[in-house]
Structures are given as C-alpha cells and as structure tokens.
Amino acid sequence: MISIDNLTITYYSPKKFFANKLEIKEGEITTIIGKNGSGKSTLLRAMAGMIPYEGSILIDGRECRSYSHRNRAKKIAYLPQVLKSVNMDVRTLIEHGRYPYMGNYRRLSDKDNEAV
C-alpha cells in the first residue's frame, strides 16, 4: 500500500504540488487524472524517489526516503510517457524491470526469465 500525507513538492519553482491525503491500496487499480501541468508526473516521480518532497510517502508502511534505491525499485517503478531511448521490444523493456533483483553480474537468472 502507498499512503501519502501532507505531501508538498516544490519542483520547477515557484510552482508547488500539494496532496493532503491519498491511499493507494495493493491489488486495486488507481488512476491519477488531471490537466497538463497539474502535477501527475511530479507526484509519480516523488513516489519513485526521483525528486525531493516534504511530508510523507509511505510504501508498505515505510517512508519512501528510507529505502535504498534498489529496494525502492523493487516496490515501485516509474516509466515516463516520453522515453528518449532506443527502440526496444516489450520483453526487453520488462527485463529492465528485473534490474534491482539481479546479482552483481547483472545477468538474468532462470528466476528472472520466469518472472519476465
């Protein structure tokens, strides 16, 4: 579960994003809808630990900032709508999501291939 409380993001100052309270429950589909520039992507980037914020973002009861990059990536991933990269097939994109689970050699294990 993701729980947000009194979240303030000052990003591209002087604009501010504020969310008083939000709960996203495990197993449910949640949509974030709003006008262009209303803060949807900013909220997702904060939840993914990509930008600083004030307030609280809890992922499974633990503050988002307290996770290591690798462990946070095991809990939440962010795929921007505009991705400047080489063309790749869906399988390769999903393989990239296995990165935080890979060992030191960064090769897909049998378990990774099964998950993909």
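Analyst: Let's start with a term: helices and strands here are DSSP runs, numbered from the N terminus. Keep in mind that this is a predicted model.

User: Which element gives the most to the lining of the largest pocket?

Analyst: That's α2, with 4 residues. Both α2 (69–75) and α3 (90–96) supply at least two residues each. Sorted by class, the lining has 14 nonpolar, 4 polar and 2 charged residues.

User: What is the volume of the second largest pocket?

Analyst: About 280 Å³. Its lining counts 14 residues, and Lys 15, Gly 37, Ser 38, Gly 39 and Thr 42 sit nearest the centre. Two or more lining residues come from each of β2 and α1 (40–47), with α1 giving the most, 4 residues. By class you get 4 nonpolar, 6 polar and 4 charged residues.

User: Let's zoom in on one residue. Is Ile 24 buried or exposed?

Analyst: Buried means under 20% relative accessible area. Ile 24 comes in at 14%, so Ile 24 is buried. Ile 24 belongs to strand β2 (residues 16–24). Beyond its neighbours within four places in sequence, Ile 24 is in contact with Met 1, Ile 2, Thr 30 and Met 47.

How values were computed:
Residues are numbered from 1 along each chain as its sequence is written. This is a predicted model: local features need pLDDT of at least 70, side-chain atom pairs count only at pLDDT 80 or more; totals for chains, interfaces and linings use all residues. Side-chain values use heavy atoms; hydrogens and water are left out. Buried means under 20% relative accessible area, exposed over 50%, partly exposed in between (1.4 Å probe, protein chains only). Contact means heavy atoms within 4.5 Å. Ala, Val, Leu, Ile, Met, Phe, Trp, Tyr, Cys and Pro count as nonpolar, Asp, Glu, Lys and Arg as charged, and the others, Gly among them, as polar. On a 1 Å grid over the protein atoms alone, a cavity is a set of points where a 1.4 Å probe fits but cannot get out, and a pocket is an open set with protein on both sides within 12 Å along at least five of seven lines; lining residues have an atom within 4 Å of a point. Grid points are joined across faces, edges and corners, and a volume is the space filled by probe spheres set on the points.
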